[in-house]
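Please open the model in the viewer and display it as a cartoon.

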Amino acid sequence: MSKFNIFHLLLTIFYLLLTVCIFSMTSEEYWIALNKRANQIYGGLDLALTVNVGNYYDNSESEFRSGVGFSIPIYSKQQKISRRNAKIKYLQDGSDLISNLKKNRKLLLLLKDKKEALQAFIGDNGASDIKSYFQTEEELLDLHLTIESIERKIETMLQ
């Protein structure tokens, strides 16, 4: 086995490991997780029970009395609409991130294929082939960073 074949085998193994690390969650898994998180954040009612305990002076009987009071907020239609709209915006933002992630992941695969093709034909046109190869390397690096950024934004939304 030649040095080139060993290098190509190691590069392929590295590519597979990198793919597993990058594509940790599929777009569908992200969407399911975002829906669960949206239901946790915006679903249900936030009820707060307020208890007031105190003493007061009753003028009619000229003595001190103790009392306990309760208050439970009742949400209006406007508040329900506001919560629903906030949930819709949250899910739209998540959906935009997921579609951007899917697009960039597919572009990443295309660029990797382009890089392999350039690597196979390098040498026919000399410097222009080498320049194209390294431009593709730079595009791959930028794309990896973009994908990581999108995944971090989605993970932040899930927290």
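**The whole chain.** The chain contains 4 helices and 2 strands, where helices (H or I, at least four residues) and strands (E, at least two) are DSSP runs numbered from the N terminus. Along the sequence, their order is α-α-β-β-α-α. This is a predicted model, in which local features need pLDDT of at least 70 and side-chain atom pairs count only at pLDDT 80 or more, while totals for chains, interfaces and linings use all residues. Residues are numbered from 1 along each chain as its sequence is written, and side-chain values use heavy atoms, with hydrogens and water left out.

Of the 159 residues, 21% count as buried (under 20% relative accessible area; exposed is over 50%, partly exposed in between; 1.4 Å probe, protein chains only).

**Helices α2 and α4.** Select residues 27-42 for α2 and residues 127-158 for α4. Their axes, lines fitted to C-alpha atoms over the stretch in contact, with angles from 0 to 180 degrees between N-to-C directions, come within 9 Å and cross at roughly 30°. The two helices are therefore roughly parallel, a term for angles under 35 degrees.

Next, show the side chains of Tyr30, Ala33, Leu34 and Arg37 in α2, which meet Glu151, Ile154, Glu155, Met157 and Leu158 in α4; contact means heavy atoms within 4.5 Å.

**Phe134.** Remaining in helix α4, select Phe134.

Notes. Parallel < 35°, antiparallel > 145°, perpendicular 65-115°, else oblique.
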